[in-house]
Amino acid sequence: MSATRQEQELQQRIFADKCRRLHNHLLSTKALLGEIGDYNRTKWPVHYPLARIARAHEAQAGSGPSGSSGLRRSNSMLDASDATLVNSLAPTPVRRAMTAEDVTQLGAGSGPSSRTAAADTDASSAGRLLDPSDLSVLKLDLRLSYHADSDVMGSLEESSIARLFDERLSQCEVHIDKLIARVADKSSKILVTGDLNAGKSTLVNALIRHDILPFDQQPCTMLFCEVVDASQNEGVEEIHAVPDIHRYNRLDPSTYSVVKMSDLEDVVMENDEQYQQLKIYTKDKRTDQKSLLHNGVVDVALIDSPGLNRDSLKTTQLFARQEEIDVVVFVVNAENHFTLSGQDFLLNAGNEKAHIFIVVNRFDAIRRKDRCERMILDQIRDLSPLTYAERDDLVHFVSAHEQLAAERAGSASSESFSRMEKCLRSFTLEQRFKSKLAPAQRYAMNVLFDVQYLAAENVASATKRIQEINALLREGMPKYETLLQERKESTRQAEEILDGSCLEVRRHTTAHLTNTTLHLQDVAEKIAYPGLLSLWSYAENVLLTMVRHLEHEVYECDRFTCFTIHQARSQLGRLDDQRRMLDTSLDQQQNMSAAAASMSPGSKDEGISLLDGTSASITASQLASVGSISNALDTAQLELSDFIDLDLGHNWGTLTSISASASLTLLASKSMAGNVVTLLRLSSTMGTTTARRLMVAAATVIGLGSVFYMVSDMDATVRRKLSSRVSLMLAEEGFVQHHAERLTTETSRAIRPFVWHLQHTFQRMVEAEEHKRADHLRRRHIAQDSQIYFDELRIKAQELANAVRAVGSTESACS
């Protein structure tokens with residue numbers, strides 16, 4: 001007896017150690033899911049193989065009845081024999097999710113590949129180690145998107161899938177919290193569930209040997225009824241109706257209502273008060289070795305539930321409630337077998353519970369029992385493969401009604417019911433790892449293997465994205481380099497066009513106006529001289545003609561400037577056409593003329609038209625007055641000096657001609673000496689005074705002749721004096737330099753916007769290309785970080801899965 005007690009204590013210590021280890025692993029799994037959720041929201045939307053899943057469903061749908069494998073169990077783990085590439089076009093056979101019992105079946109080669117191999121995986125490969133439909137816990141509900149070409153499929157963007165995946169992660173974290181609570185809970189909860197009128201309440205009554213729960217041929221259970229031993233209520237048999245199960249406290253009467261035994265049937269069948277659950281404290285008069293409620297090992301609760309297909313609300317509550325349960329006892333009506341709702345429930349529960357305790361009730365009413373048993377076992381094989389593998393201990397064909405009748409009559413229990421009860425007791429109490437911890441272990445391993453699969457998918461997706469971005473960068477580099485070279489060459493040519501145009505305008509204006517100022521006297525020769533009496537008017541006409549001639553020549557320089565600007569604009573337009581050939585995306589941008597006008601708003605008012613080249617309007621607006629070409633000419637007035645030319649340099653010809661005439665007359669006589677002698681004799685005869693007078697008279701005649709000659713040449717004098725004075729005034733004012741500088745500046749201001757536009761558009765093209773390359777580099781950096789993250793995540797999930805798998809069970813099944 002002492003040895004048996006020591007063995008029990010040892011088993012309890014081993015079980016406590018497994019609980020502790022599994023508790024820690026569940027916490028680590030939850031933290032891992034939280035980390036994935038953060039990464040999914042903030043850095044990299046997790047790639048979900050939606051199209052691959054759609055193709056897998058289409059392949060299964062197209063396989064036809066001959067290729068159908070019946071009901072398929074969604075899983076995330078494979079046996080070593082199944083660890084081969086799956087052909088996505090062929091229907092996949094039924095496979096099961098593994099638990100601790102399957103560890104020995106895994107070979108050394110079944111582990112994930114190395115980090116390098118995972119990083120080099122091509123996302124477009126035709127096969128995978130796992131079919132995408134093998135995702136179990138992290139599988140998204142995308143039933144409307146099973147067709148890869150459907151509109152719904154196309155409308156699901158990456159961000160939408162990421163949000164759905166994030167919601168799924170949150171649901172998994174909530175479920176793991178419940179698993180953690182279940183692992184930490186010392187008691188065991190047994191959920192008795194099944195379809196309507198399957199005999200669930202009758203089975204519970206038979207297990208506790210007490211007709212406490214109402215039963216009928218019609219469905220009668222409307223709420224959850226939890227039956228526990230009265231020892232948990234200080235030995236008092238009592239029924240508590242709980243409106244809020246989360247606030248329930250046995251020591252606080254305000255959290256429940258006490259229901260009399262006589263009213264239990266009405267409450268269970270009607271539930272007018274809308275209670276969430278009944279807590280029934282009762283006594284089992286049997287010994288600890290036979291009773292399930294007071295077993296001397298752990299506290300056990302039997303929970304009777306409403307039928308699955310009664311209504312959708314009750315079914316949803318039942319689906320959610322099974323997450324809090326350690327053992328599921330599924331009651332099947334032998335007459336109906338498994339209904340669709342029952343199949344859905346078992347598939348959902350199978351995400352964590354590899355073993356379902358199945359009781360086929362009312363088996364006594366079946367005539368061909370062997371056929372019924374065979375058909376039900378065939379369904380179980382597809383619904384829960386591990387349950388089928390241990391069908392001798394987990395699947396029982398009984399009649400709960402016969403057991404109650406025998407109990408009332410004091411007869412012995414039937415062999416089938418006694419064996420079922422013994423196996424349920426063994427499964428709940430002796431095989432506690434399998435019944436209590438294995439579901440949590442299975443769920444954690446399913447989660448971790450789903451994480452491994454998705455991590456491998458995202459490593460492949462990141463690798464493919466890196467390859468695509470590298471290809472884009474390689475393809476874009478020649479274009480980028482060509483764009484830089486063209487920008488440099490076009491900028492150089494544009495600057496040369498601008499500088500050449502300005503230099504040409506400066507040279508032309510300087511040469512032309514300089515020549516004009518030097519030949520102003522020639523301009524007035526065509527003016528008729530009216531005579532000495534109209535000399536002043538003649539001088540005014542000469543001055544005005546000279547000024548107008550200067551205006552005309554300045555106007556001609558303006559026209560030349562406009563022509564030069566037009567030529568420069570044409571050359572820059574050809575450069576811009578070459579730029580457009582590099583990037584057609586800028587064709588709809590504003591043309592160069594409009595851009596130049598917007599960039600030089602004052603050019604139209606400054607006298608040089610950039611668009612129409614109408615020189616007359618330019619000159620009229622710019623040269624509105626004489627002062628517009630020269631401030632000195634604007635205030636110029638005729639002076640007396642303009643009519644008198646005392647400059648011997650200009651009159652030397654006249655004086656020379658008179659002297660020459662007198663000399664020639666003197667020399668024309670027969671003999672110069674004779675003429676001189678004659679003059680001396682005449683002088684001596686007339687006397688000195690007379691000779692002197694004669695000489696004065698001769699000089700006077702000569703002077704008067706000279707004055708007359710000068711008056712007769714007054715028009716030339718006016719022209720010469722005015723042209724000299726105007727030229728001097730223009731030279732002192734810097735007339736030529738002023739207009740050369742003005743037109744050069746106007747040329748620069750007119751052409752510069754086109755150069756700026758060309759440079760600006762080239763710069764925008766370069767910046768757009770650089771932004772594109774920077775975006776590619778940023779996306780590649782994110783993909784590289786994600787590749788590393790998901791590769792490390794895959795390894796981390798693998799190590800954690802190995803640790804969870806190591807929490808194994810060595811308990812033996814009932815004999």
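How many of the seven residues of strand E1 (residues 188–194) are buried? In this predicted model, six of the seven are buried, so that strand E1 is largely enclosed by the rest of the structure. Strand E1 pairs in the parallel sense with strand E6 (residues 300–304) over five bridges, where Ser-188 has Val-300 as its bridge partner. A parallel pairing over five bridges also joins E1 to strand E7 (residues 327–333), and here the bridge partner of Ile-190 is Val-327.

A search of the whole structure finds 27 salt bridges. Among them is the pair formed by Asp-326 and Arg-182, whose closest N and O atoms are 3.5 Å apart. Because Asp-326 lies in the loop between helix H9 (312–321) and E7, whereas Arg-182 lies in helix H6 (residues 158–184), this pair ties together parts that are 144 residues apart in sequence; both Asp-326 and Arg-182 are buried.

Other salt bridges lie within a helix. In helix H1 (residues 2–42), Asp-38 and Arg-41 are three residues apart and thus separated by about one helical turn, with their closest N and O atoms 2.3 Å apart; Asp-38 is partly exposed at 42% relative accessible area, and Arg-41 is partly exposed at 49%. In helix H26 (residues 735–806), Glu-769 and Lys-772 are likewise three residues apart, and the closest N and O atoms of their salt bridge are 4.0 Å apart. Glu-769 is buried at 7% relative accessible area, while Lys-772 is partly exposed at 40%.

A network of salt bridges links Arg-209, Asp-284, Arg-286, Glu-407 and Glu-421. On the surface, Arg-367, Arg-368, Arg-371 and Arg-374 gather in a patch of positive charge.

Note on methods
Residues numbered from 1 in each chain as written. Predicted model: local features only at pLDDT ≥ 70, side-chain atom pairs only at ≥ 80, totals over all residues. Heavy atoms only, no water. Buried < 20%, exposed > 50% of the residue type's maximum accessible area, 1.4 Å probe, protein only. Helix = DSSP H or I, 4+ residues; strand = E, 2+ residues; numbered from the N terminus. Pairing = 2+ DSSP bridges. Patch = residues over 30% accessible without salt bridge, like charges linked within 9 Å, V, L, I, M, F, W, Y side chains within 5 Å. Areas by Shrake-Rupley, 256 points an atom, 1.4 Å probe, with all protein chains shown as cover. Salt bridge = Lys/Arg side-chain N within 4 Å of Asp/Glu carboxyl O. Lys, Arg positive; Asp, Glu negative; His and termini not counted. Charge placed at Lys NZ, Arg CZ, Asp CG, Glu CD.
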